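Could you have a look at this one with me? I've put my notes below as numbered points.

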Amino acid sequence: ACLQHDLLHDPTCQTDPATAVIPPYCFQPWCFVDAKSCKKDSEEDIKKSDYFEQYDVFYSYSTCNTTDDFWQQQLEYLATNVSVVGGINITATVPK
């Protein structure tokens, strides 16, 4: 079912909005999909889940009439901005 799964299950999304900014991707609905039937007659954007690496589990934002743009921005941010003890920020570029 199309739900805001990240808002419900991602610890990053479980913060208090009074003390921290909840990332926009937390509010985007998505669902698990059958990759073979989903791609069969459409151009749905599906991705393999990294969470279930050992299985062929796929998810889609476009099936739920939304995009994963916010999530992709979050991944880029996490790949280039790392906070370490003492409040020191390190910025790095990671090749794709």
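Here are my notes on the pocket, the surface patch and the salt bridges.

1. Before anything else, keep in mind that this is a predicted model.

2. Start with the largest pocket, which holds about 560 Å³ of space. There are 18 residues in its lining, and Asp6, Trp30, Ser49, Tyr51 and Trp71 are the closest to the centre. The elements giving two or more residues to that lining are α1 (5-9), β2 (46-48) and α3 (69-80). Sorted by class, the lining comes out as nine nonpolar, four polar and five charged residues.

3. Together with Phe32, Phe52 and Tyr55, Tyr51 makes a nonpolar surface patch of about 490 Å². Tyr51 lies in the loop between β2 and β3 (58-60), and with a relative accessible area of 71% it counts as exposed, because the cut-off for that class is over 50%.

4. On to charges: how many salt bridges does a search of the whole structure find? It finds two. One joins the side chains of Lys47 and Asp68, at 2.9 Å from N to O. Lys47 sits in strand β2 and Asp68 in the loop between β3 and α3, so this pair ties together parts 21 residues apart in sequence. Lys47 is partly exposed, at 24% relative accessible area, whereas Asp68 is buried at 8%.

5. The other salt bridge pairs Asp56 with Lys48, and here the closest N and O atoms are 3.9 Å apart. The cut-off is within 4 Å, so this pair still counts. Asp56 is exposed at 64% relative accessible area, while Lys48 is partly exposed at 35%.

Terms used: Residues numbered from 1 in each chain as written. Predicted model: local features only at pLDDT ≥ 70, side-chain atom pairs only at ≥ 80, totals over all residues. Heavy atoms only, no water. 1 Å grid on protein atoms, 1.4 Å probe; cavity = no way out; pocket = protein on both sides within 12 Å on 5 of 7 lines; lining within 4 Å. Points joined across faces, edges and corners; volume = space filled by probe spheres on them. Helix = DSSP H or I, 4+ residues; strand = E, 2+ residues; numbered from the N terminus. Nonpolar A, V, L, I, M, F, W, Y, C, P; charged D, E, K, R; others polar. Patch = residues over 30% accessible without salt bridge, like charges linked within 9 Å, V, L, I, M, F, W, Y side chains within 5 Å. Areas by Shrake-Rupley, 256 points an atom, 1.4 Å probe, with all protein chains shown as cover. Buried < 20%, exposed > 50% of the residue type's maximum accessible area, 1.4 Å probe, protein only.
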